[in-house]
Amino acid sequence: MNWSKITVGQYQQIYPILLEDKWTRLDKLTKVISIITGKSESEIDSMPLNALKEYDSIFNMPEVGKPISYIKVNGRHYRLCWDIQKLPAARYIEGKTFSQEGIINNLHMIMASCVIPSRKVLWFYRDKKYDAAKHSEYANDMKDVPFVFAYNACVFFCKVFANWTSYFLSSSEQELKGAMTMNQVTTLKRSFSAIMDGLTPRYL
């Protein structure tokens, strides 16, 4: 099975099937192959067992690869923003809100908050203005992005954010010690972690 041929939208359909307890592994595999190939379950039932086993890797997440900087989907180009400090606060809050409602189910919405529309000029890309009113349009495009690209992007983003949060808390503690008691500093750190770093432990 080629992970790069499975889109975000397809994996969002596949994910609840993998979590379902009432179906056997073969039942799940049949339903998954139906989503990936577009074939009916009755057609898949007539396939040889070896052909079904080619899709068995769906039960394991793909290996984490290097995140890409640009993606082209549905004829449009997007740049993925990796620099958290350059990500507008409103879009960060959007992404975090969507992640709290379910990372896989809202992966297209999270990705739409982390991309910048771009256009290709000769051999280079130039950013276009991000239009918040078009967030749903960007999100629909993200449904057609290969899932493995989105997975690598989210894992990378979570790791970067976790490192940034750790650095921020460490730096802030040194600055606050002179103005607050240690108990106050500890309480503040816990509150900040609860507010800002909710998605990282669950996803990684």
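This is a predicted model: local features need pLDDT of at least 70, side-chain atom pairs count only at pLDDT 80 or more; totals for chains, interfaces and linings use all residues.
Local features required a pLDDT of at least 70, side-chain atom pairs counted only at pLDDT 80 or more, and totals for chains, interfaces and linings used all residues. Residues are numbered from 1 along each chain as its sequence is written, and side-chain values use heavy atoms, with hydrogens and water left out.

The structure holds 8 aromatic pairs. Rings of Phe, Tyr and Trp (its six-membered ring) pair if their centres lie within 6.5 Å; planes under 30 degrees apart count as stacked, over 60 as edge-to-face and the rest as tilted. One of the pairs joins tryptophan 3 and phenylalanine 147. Their centres are 5.9 Å apart, and the 35° between the planes makes the pair tilted. The pair links distant parts of the chain, 144 residues apart. Tryptophan 3 belongs to the segment before helix H1 (8–19), whereas phenylalanine 147 is in helix H8 (residues 147–176). Helices (H or I, at least four residues) and strands (E, at least two) are DSSP runs, numbered from the N terminus. Both partners are buried: tryptophan 3 has a relative accessible area of 13%, and phenylalanine 147 has 1%. Buried means under 20% relative accessible area, exposed over 50% and partly exposed in between (1.4 Å probe, protein chains only). Ring pairs also bring Tyr11, Tyr15 and Tyr151 into a cluster with Trp3 and Phe147.

Charged ends sit over two further rings. The criterion is NZ of Lys or CZ of Arg within 6 Å of the ring centre and within 35 degrees of the ring normal. Arginine 25 covers the ring of phenylalanine 59, with its charged end 3.9 Å from the ring centre. Lysine 31 sits over tryptophan 23, at 4.6 Å from the ring centre.

Strand S3 (residues 115–121) and strand S4 (residues 124–127) run antiparallel and are joined by 4 bridges. Strands pair if DSSP finds at least two bridges between them. Valine 121 stands opposite phenylalanine 124 in S4. The two strands form a hairpin with 2 residues between them. In the turn, leucine 122 has a positive phi of about 60°.

Asparagine 106 lies in the loop between helix H5 (89–100) and helix H6 (107–112). This residue is buried, at 14% relative accessible area. Asparagine 106 touches Gln12, Phe98 and Glu101 (heavy atoms within 4.5 Å), leaving aside residues up to four places away in sequence.

In helix H7 (residues 135–142), the buried residues are His135, Tyr138, Ala139, Asp141 and Met142. Seen down the axis of H7, they fall within an arc of 155°, so they line one face of the helix. The arc is taken from the directions from the helix axis to the C-beta atoms.
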